[in-house]
Amino acid sequence: MAVDVNEGDVVLYSDDMDESNTDNNSDGRNWGAPSSSSSSTLEKRTNNISRWSSLNPKIKERIVKEAQERAIRNKKRREPAEAKKRRLYSQYKQMQQQSKKDKYVKRNLPPNSKERISLSDIEIGTTLPGKVISLTNFGAYVDIGSEADGLLHVSQITREEFVTHPRQYLSPGDEVDVRVVRRDADMKKLQLTMLPEEILEEENVLKKFEENDINDDDRIQLDEVEVDDELWGEIRRVTDYGAYVELGAVVRGFLHFMDHPMFGEVKGSHPKEFMQIGDRVRVWVLDVDKTKERVKLTANRPTGLPGPRREVQWI
């Protein structure tokens, strides 16, 4: 089909056109074959697939894991406030339960095992291996394979420094070597020490319990001790901060070196220079802490106590 050009019309189609252009559009592109851009995209995809297949399996695993974590983070950002609150609370409860489980120490023998040693079969002065089970403000409980855990008091851990809490040196689960100081098979009580032999001999710890094994009921109870009470005692242990005084009470009293009358006579002197083990001292009660079972003492007479009046005669 043809249209006369002389009449001002434009030829739209002609049978004389080159057959090679039949499949081309007006801009010269062949719609029947893929374009250069689509070919490059397909080539890129093919290259990416070949690169992925050639990667190390461990690197693949890490990339997939990072992608999953990224997807989880994005999902959490989009989650509602109530759902987020419930999820965080659930995580908090799980952390609490895990924390409680971590506090429990696995014993070498079950508590009711028949292989455990009777307290009556343990000799005073015997050194045994043990495991720290728990810590308290006043000491640590140690399992030595006996029918009852032994108490390792803070005063029996070390003499290198003043121990305010056993966690300064011990943690639950620690393996320690301890020495039996005192035992009571009827009351199921066991007292232990980690002090070296020379310190035990110096303070006469073992002999003291053998000779003066006083029942706690016969000792002065904390309820009977009042502030400003005057007592006599014997120094049993001296530390960098003061001395522990045996008062005949259920606990020993602590006498700080600044509350000793001889403090300050020699500048910079150590408490051991004016506080000796075995010294008899007259003390007054400064404070009684029944919760922590502590008694603070002073060797200086409190000024607030009533005393003899002095009459001044004016001349």
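How many bridges join strand β7 to strand β8, and in which sense do the two strands run? The legends below take up this pair and several other close-up views of what is a predicted model.

**View 1. Strands β7 and β8 pair side by side.** Strand β7 covers residues 242–246 and strand β8 covers residues 253–256; the two run antiparallel and are joined by 4 bridges. To find your way along the pair, look for Tyr-244, whose bridge partner in β8 is Phe-254.

**View 2**

View 3. Val-132 makes a handy landmark, as it stands opposite Val-142 in β2. Strand β1 also pairs with β4 in the antiparallel sense, over 5 bridges. For this second pairing, follow Lys-131 to its bridge partner in β4, Glu-175. As a reminder while you look along these strands, side chains in a regular strand alternate between the two faces of the sheet.

**View 4. Arg-183 sits in strand β4.** The strand runs over residues 175–184, and Arg-183 is found within it. With a relative accessibility of 31%, Arg-183 counts as partly exposed, because this value falls between the 20% and 50% cut-offs. Leaving aside residues up to four places away in sequence, Arg-183 touches Leu-119, Ser-120, Ile-122, Ile-124, Lys-189 and Leu-190. One of these, Leu-119, is 64 residues away in sequence, yet the C-alpha atoms of Leu-119 and Arg-183 are 6.9 Å apart in space. Ile-122 deserves a look too: its backbone oxygen lies 2.4 Å from a polar atom of the Arg-183 side chain.

**View 5. Gln-156 lies in the loop between β3 and β4.** Strand β3 covers residues 150–153, and Gln-156 is in the loop that lies between β3 and β4. Is Gln-156 buried or exposed? Gln-156 is buried, because its relative accessible area of 11% is under the 20% cut-off. Its contacts, not counting residues up to four places away in sequence, are Leu-192, Thr-193, Met-194, Leu-195 and Leu-200. With Thr-193 there is also a polar contact, side chain to side chain, at 2.7 Å.

Note on methods. Residues numbered from 1 in each chain as written. Predicted model: local features only at pLDDT ≥ 70, side-chain atom pairs only at ≥ 80, totals over all residues. Heavy atoms only, no water. Buried < 20%, exposed > 50% of the residue type's maximum accessible area, 1.4 Å probe, protein only. Contact = heavy atoms within 4.5 Å. Polar contact = N/O pair within 3.5 Å; in protein donor to acceptor, adjacent residues only side chain to side chain. Pairing = 2+ DSSP bridges.
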